[in-house]
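Work through the exercises below with the sequence and the model at hand. Try each task before reading its solution.

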Amino acid sequence: ATITASTPLFGGIVISPTVMLYHLTYLILFTVLGFGLWFAKSWGYYTLWLTTVVYTTDRIQTALNPDLLNEYITAQLQDHAQVLKLLQMDIGFLKQSGILDLTVWWMQVLAFAIAACWVGFLGYAYRHRRYFGFDHE
């Protein structure tokens, strides 16, 4: 994965240079969040809320678009056709056998599960907000 790697976003596959802004935004969000959580800063608590909203929205919008996921996975596999050839497979086989559809389904399940984990962690942080210097419980 690189900062120029394409990504599915709101109905399309985003490619360079726009995708660099997408990845840079996440890099900044997660870096600020990491420091805020580690050092128990009140701004870290607010960054957790912001990051959870942004990331959960991103995961859910991806999961709710199986056709886009299918297109994205197919494009990724075409970039690695040598690996498929080594495994004696091709895109047609993956589509015909249902493996591609199963992969899309699992990516959807994982996206919802990851979003649920973020919301759960946000709930945990809310419950233990004293850690961040808030006096009220």
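**Exercise 1. Which residues of α3 are buried, and what do they pack against?**

Step 1. Leu68, Leu69, Asn70, Tyr72, Ile73 and Thr74 are buried in α3. Buried means under 20% relative accessible area, exposed over 50%, and partly exposed in between, with a 1.4 Å probe and protein chains only. Helices (H or I, at least four residues) and strands (E, at least two) are DSSP runs, numbered from the N terminus.

Step 2. The buried residues of α3 pack against β1 (7–9), β2 (12–14), α2, α5 (91–97) and α6. Contact requires heavy atoms within 4.5 Å.

This is a predicted model, where local features need pLDDT of at least 70, side-chain atom pairs count only at pLDDT 80 or more, and totals for chains, interfaces and linings use all residues. Numbering starts from 1 along each chain as its sequence is written, and side-chain values use heavy atoms, with hydrogens and water left out.

**Exercise 2. Check the span of α3.**

Step 1. Helix α3 covers residues 66–79, which is 14 residues. The expected span is 1.5 Å times one less than the number of residues.

Step 2. That rule gives 20 Å, and the end C-alpha atoms are 20 Å apart, so the two agree.

**Exercise 3. Describe how α2 packs on α6.**

Step 1. Helix α2 (residues 42–63) and helix α6 (residues 99–127) pack at about 165 degrees, with axes 9 Å apart. Axes are lines fitted to C-alpha atoms, for helices over the stretch in contact, and angles run from 0 to 180 degrees between N-to-C directions.

Step 2. The pair is therefore roughly antiparallel, a label for angles over 145 degrees.

Step 3. Residues of α2 in the contact include Trp49, Tyr55 and Ile60, and those of α6 include Phe112, Trp118 and Leu122.

Step 4. The contact residues divide into 16 nonpolar, four polar and one charged. Ala, Val, Leu, Ile, Met, Phe, Trp, Tyr, Cys and Pro count as nonpolar, Asp, Glu, Lys and Arg as charged, and the others, Gly among them, as polar.

Notes:
Parallel < 35°, antiparallel > 145°, perpendicular 65-115°, else oblique.
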